[in-house]
Amino acid sequence: MKLPHAQAAVVETASADEAQSVDALAAATDLPTETVTGAAFELEEEGLVAVEERVDETVSITEEGREYVNQGLPEIRLYEAALEAGAADDPISMGQVIGASGLEGQAVDIALSNYARKGYGSIDSGEITADSDADPGSDSEANALEETASTSGVDDGATGATDDEGEAGSSPADALGIDEETLESLERRDLLERSETTVRSVTLTELGVTELMGGVETTETVGQVTPDLLTSGDWEDAEFAEYNVEADAEPVQGGKVHILRQTADRVKDVLVGMGFQEMEGPHVDADFWINDCLFMPQDHPARTHWDRFALEQPTHIEDLPADLVDRVERAHRKGVGDDGEGYHSPWDEDFARALALRGHTTSLSARYLSGEETGRLEPPQRFFSVEKVYRNDTLDPTHLLEFFQIEGWVMAEDLSVRDLMGTFEEFYAQFGITDIEFKPHYNPYTEPSFELFGTHPTTGELVEIGNSGLFREEMLEPLGVECDVMAWGLALERLLMLMYGFEDIRDIHGTLCDLELLRETEVTY
C-alpha cells in the first residue's frame, strides 16, 4: 500500500489495542500536530484508522481573580468595613464606608454592584446598611476562587507561565466542585476563564492492521505548485497532497461597534427620518439649565446632594443670561399668569449656578428652547438627542449610574396628548414594538404627563421605558416660547431590553458586561 509520508508515519505508529492522542503521535513521528491531524482524517476516510473526539474544559484564574484571592472580593471588603462602622445598626454614609474599606477606582463600582445582589445589605440615597446575618464565609464566588487557586497550584507569585502541557494555573472543570451558575458569574466578572480543547485519539482499524501487515510504501506528495514544477513538466506525474477544508481553525474575533452605540445610531436615523434635528450640549452643566429652567423647585428631593453628582472643581458657572435668570426666578417665586402662585419656597441663584453632571438631557431642551444655543426658534420645530445622563441610582437589573436618554420635543400650535401618543407609536413601530402602554404621571415641568411601558418579550412583565408630557406654561413662558411643546425622555437601554430580551442591562453596559453576548448580538433593522 502506498501512502503519503505523513499518513504512512501515522499508520506505522498507531496501535490497534490502545487509542493514542494526536499530540502523542506528533511527538512520536516528529511531525507537526496539524499535519498528524490532517493525516488522521484522511486515513479515517480510507477506513484505516478510527478517530475519536472529546472536549476537555479547563478553568483558570485571572490576574484580577488572584488579587481577590489574596485581598478578598470587593463586596466582602465593603461588607466588613460596613460592619466595623456600625452599619448593622444604623445606615452609614457610603463615602465613609468606602474610605474605610480601602477600595479605590473600579473596585468601588464592582463592590457596589454586587453588595446588595449577594444580600450583604442595602445601598440607598448615599447610605449603606449591613445585614449582620450575612456570612462572607459561605460566599460561593469567593469559595470558588479559593478552590480554583488551590487546585491549580496558584500562589501569590503565580505568573501564568505556560509549558507543553498547557497553561499553568488551570484545572479540569470536572475536578472542581463549582456549580455552573457560580462559574458563569465569575466568568462574566473576568475572574475565571474557561477554555475548551478538542482532544482527538487515533486507533488502527482491522483494515489498517491488514494493510500494515502487507507493507506500507511511502510516496512523495507535492504540497505547493512551483514555477520549476510547471516548466519542467514534472507536475504531470506528481501526486498532490489533499487539503482538508473542514479541519478546525482558530476563531478570529475582531473589534466591532458596541450594540448600544449601534442602536443609538439606529434611533438617530429613525428620528431624522421623522423630521427631527439633533441637539448637542455639555455633560456638565449648571443646575439652572438642568432643573431651574424646568420649573423644578430647588428643595425638590431629586436636587439634593444624594441624588446628583456635583463638581468639586470648578463648582459654579459664571455665564448665565441675567434676564432669563430673573424670569425663571420670578416663575419659581410667584408663578406665571393670573392664577400662578409659584412654589413659595427658597430660590438661591448661587445654587442655580452650581455645576453638576446632567441628570437628564432636558437641559439641552431648555438651552435650545430659550434661544441661547441657536437663536430664537419659530414653530414648527422638532429636536432630539441620544446622549448619556448620570444619576445616583441604586444599581439593579434596570438601573445604572449612567445611561443613554433619548430626548425629544416638538414645538407647534395646538398640540395634544394624542399627537404625543401617535409620535411614540410611530417611533417604536420602527423597532417592531407595537404594544406600548401609557399611565398618567406627575412631573414638575409637564402637564399632562404620562409614563410609557412595554412588554418584555421574555418575562412578559411591563417595563417602564420613558416619561413624557406637554411642557407647562411655568417652564415655557420664562424661556420666551408662546406655543405648545410636547417632550419626552426615553431610555435607550430599556429599548434594547424590549428588542432583544435582555433581562439585566449590566450584561450589555458597565464593568460586568457579557462580552460573548455583545459579540453575538446583531442590531435589528
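**Close-up views of a predicted model**

View 1. Thr458 sits in the loop that joins S18 and S19; helices (H or I, at least four residues) and strands (E, at least two) are DSSP runs, numbered from the N terminus. This is a predicted model, in which local features need pLDDT of at least 70 and side-chain atom pairs count only at pLDDT 80 or more, while totals for chains, interfaces and linings use all residues. Residues are numbered from 1 along each chain as its sequence is written, and side-chain values use heavy atoms, with hydrogens and water left out. Leaving aside residues up to four places away in sequence, Thr458 touches Gly501 and Glu503 (contact means heavy atoms within 4.5 Å). Between the C-alpha atoms of Thr458 and Met497, which are 39 residues apart along the chain, there are 9.3 Å.

**View 2. The open sheet.** Seven strands make up an open sheet of mixed pairing, in the order S12-S15-S16-S20-S19-S18-S17; two strands pair if DSSP finds at least two bridges between them. At the edges stand S12 (277-278) and S17 (437-443), each with a single partner strand, so one side of each has no neighbour in the sheet. S19 (residues 462-471) pairs with S20 (residues 484-491) in the antiparallel sense, over five bridges. Gly469 has Ala487 in S20 as its bridge partner.

**View 3. Helix H16.** H16 (residues 362-370) lies across S12, S15, S16, S19 and S20, and runs at about 30° to S16 (axes are lines fitted to C-alpha atoms, for helices over the stretch in contact, and angles run from 0 to 180 degrees between N-to-C directions). Nine of the nine residues of H16 are buried, so the helix is largely enclosed by the rest of the structure; buried means under 20% relative accessible area, with a 1.4 Å probe and protein chains only. Among the buried residues are Arg367 and Tyr368.

**View 4. Two domains.** The domain assignment of the protein chain lists domain 1 (216-247) and domain 2 (261-283 + 358-520); domain bounds come from an automatic or database domain assignment. Taken over C-alpha atoms, the centres of domain 1 and domain 2 are separated by 65 Å.

Technical notes: Buried means under 20% relative accessible area, exposed over 50%, partly exposed in between (1.4 Å probe, protein chains only).
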